[in-house]
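Here is a short briefing to read alongside the sequence and the 3D view. Take a moment to turn the model around, and then work through the points below.

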Amino acid sequence: MVLKDFLSKDLLLPDLQARNKTEVLAELVAVLAQNVPSLDAEAAFRVLKDRESLGSTGIGEGVAIPHGKLEGLDRIVLVVGRSSEGVDFDALDRKPCHIFFMVLAPEQVAGMHLRILASITRLLKDETFRHAFLTAQDKELFWDALSSA
């Protein structure tokens, strides 16, 4: 499985404006809703908030992977964002998060959903990728870092 097969340049936010967890989720869902007109944005936001209530998806080292399953979705979608200033996302290490990979999957696609989460986790352990991702100066370089991984 190649993660870039699930990425779209239209679903990248290299400069998140959000300052807290709720705003991050709303901003990620908003860009998805702009690009997937059939998406129920309120339901997507609620699914992500419900998942966060079970425990933070801030996995530490500046990374958060908010995710959930959404009824009515026909394919797995990813939205990728970056916050230069960092956001308190209740991460396991209590440090601000700068890298966000939001994953929404159809309810019936559990196996692929888990493989994507594992791929993202592996990718984010690569220091070369992390550096390229965090220092990309514009959307093209941001996309290049993601699509070459």
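Helices (H or I, at least four residues) and strands (E, at least two) are DSSP runs, numbered from the N terminus. Read that way, the elements of the chain follow the order β-α-α-β-β-β-β-β-α-α-α from the N terminus on, which comes to 5 helices and 6 strands. Please keep in mind that this is a predicted model, in which local features need pLDDT of at least 70, side-chain atom pairs count only at pLDDT 80 or more, and totals for chains, interfaces and linings use all residues. Residues are numbered from 1 along each chain as its sequence is written, and side-chain values use heavy atoms, with hydrogens and water left out.

**Overall shape and surface**

- Along the principal axes, the C-alpha atoms fill a box of roughly 35 × 30 × 25 Å.
- Of the 149 residues, 48% are buried, meaning under 20% relative accessible area, with exposed over 50% and partly exposed in between (1.4 Å probe, protein chains only).
- The accessible surface (Shrake-Rupley method, 1.4 Å probe) is about 7,600 Å², and carbon and sulfur atoms contribute 50% of that.
- Taking contact as heavy atoms within 4.5 Å, residues 24 or more positions apart supply 68% of the contacts with a separation of 6 or more.

**Strand E6 and its partners**

- Strand E6 (residues 97-106) has 9 of its 10 residues buried, so the rest of the structure largely encloses it.
- Two strands pair if DSSP finds at least two bridges between them, and E3 (residues 63-64) has 2 bridges to E6, in parallel; here Ala-64 stands opposite Phe-100.
- E4 (residues 67-70) also runs parallel to E6, with 4 bridges, and Gly-68 has Leu-104 as its bridge partner.
- E5 (residues 77-87) is joined to E6 by 7 bridges and runs antiparallel to it; Leu-78 is partnered with Val-103.

**Strand E5, with a partner in E1**

- E5 is mostly covered, with 9 of its 11 residues buried.
- E1 (residues 12-13) runs parallel to E5, and 2 bridges join them.
- Which residue in E5 is the bridge partner of Leu-12? The partner is Val-80, and Val-80 in turn has Phe-101 as its bridge partner in E6.
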